[in-house]
Each structure stands twice: as C-alpha cells, then as structure tokens.
Amino acid sequence: MRIVLTALIFVGGLFFLVTGAGFLIDPVGSAQSFGIAAQGPTGLAAIRADMTAFFVVAAVCMIFGAWRRNGDLLLVPAGLFGVALLGRIVSVAADGTDPGFWAPMAIEALCVIVLLVASRVLPHPQT
C-alpha cells in the first residue's frame with residue numbers, strides 16, 4: 001500500500017507542478033480552463049503569482065513527501081486542498097453551481113483523503 005500511495009502522490013505532484021508552471025508561463029490560458037478571467041496587469045499578476053504558488057507549493061510538498069516518505073510534508077498540500085474544498089463548498093451555498101463545478105471538488109476531496117491517509121501510512125523521519 002505504501003508503494004501505491006507513494007507513486008500516486010508523486011504522479012499527482014508532477015501533474016500539479018505542470019499546472020503551476022502553466023499559470024506562470026501562460027496565466028490567461030491556464031486561468032480560462034479554471035473559469036477565471038484576468039482584468040488588466042494586476043489581475044494577470046494575481047493569477048500568475050497566487051495560482052502558481054498554490055500549485056507549486058502543493059506539488060513540491062507532494063513530490064518530496066512521496067520521495068522521502070515523509071508524511072509530515074504531505075499535510076501541507078492536504079491543508080491547501082482542504083481549504084480550497086471548503087471555499088468551493090461555501091460557493092455551492094452562496095453562488096450555486098454549473099455543469100463543470102463538481103469535478104474540481106472531487107479532485108480536491110480525493111487529494112485530501114489520499115494525502116491524509118498517506119501522512120499516517122508513510123513512515124515519518126526519525127528525530
């Protein structure tokens with residue numbers, strides 16, 4: 001089970017790293033796939049900075065946490081995706097949904113579950 005979790009988290013981390021790089025290189029195109037539109041240079045900067053930071057930090061923690069089998073590192077992306085999921089749940093109540101709304105929620109929920117399980121299953125470093 002540890003090998004499957006390690007591989008799953010490592011591959012997921014690579015996917016999120018590519019996603020983060022996409023926001024850094026092409027914020028307009030990447031933002032459109034998330035239903036976001038920038039308004040001027042400040043909006044582009046916010047998308048480029050915030051979305052890149054979110055995905056790259058999650059990805060780096062996932063990759064290094066899986067590689068080193070460090071469950072503590074996996075709590076960082078679990079927290080990030082958990083807060084993102086909470087924001088989407090609030091949006092369901094406040095704003096409603098559209099047809100593409102549920103897929104990101106499912107991905108975030110799955111990431112939180114897998115990362116929390118892995119944080120307990122993968123061995124922690126000796127201190």
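Biologist: Where in the protein is confidence lowest, and where is it highest?

Modeller: Keep in mind that this is a predicted model, so each residue carries a pLDDT, the predictor's own confidence from 0 to 100. Here helix α2 (residues 27–33) has the lowest confidence, with a mean of 95. Helix α3 (residues 40–67) has the highest, at 97.

Biologist: And what is the mean pLDDT of the protein?

Modeller: That mean is 94, and 97% of the residues reach 70 or more.

Biologist: Okay, cysteines next. How many disulfides does the structure hold?

Modeller: The general idea is to look for two cysteine sulfur atoms within 2.5 Å. This structure holds 0 disulfides. Take Cys61: the nearest cysteine sulfur belongs to Cys111 and is 13 Å away.

Biologist: Are Cys61 and Cys111 buried or exposed?

Modeller: For that you check relative accessible area, and under 20% means buried. Cys61 has 13% relative accessibility, so it counts as buried. Cys111 is also at 13%, so it counts as buried too.

Biologist: Let me try a residue in a helix. Where does Thr19 lie?

Modeller: Thr19 sits in helix α1 (residues 2–25). Its relative accessible area is 14%, so Thr19 is buried.

Biologist: Which residues is Thr19 in contact with, leaving aside neighbours within four places in sequence?

Modeller: Once those neighbours are set aside, Thr19 is in contact with Phe34 and Phe55.

Note on methods:
Residues are numbered from 1 along each chain as its sequence is written. This is a predicted model: local features need pLDDT of at least 70, side-chain atom pairs count only at pLDDT 80 or more; totals for chains, interfaces and linings use all residues. Side-chain values use heavy atoms; hydrogens and water are left out. Buried means under 20% relative accessible area, exposed over 50%, partly exposed in between (1.4 Å probe, protein chains only). Helices (H or I, at least four residues) and strands (E, at least two) are DSSP runs, numbered from the N terminus. Contact means heavy atoms within 4.5 Å.
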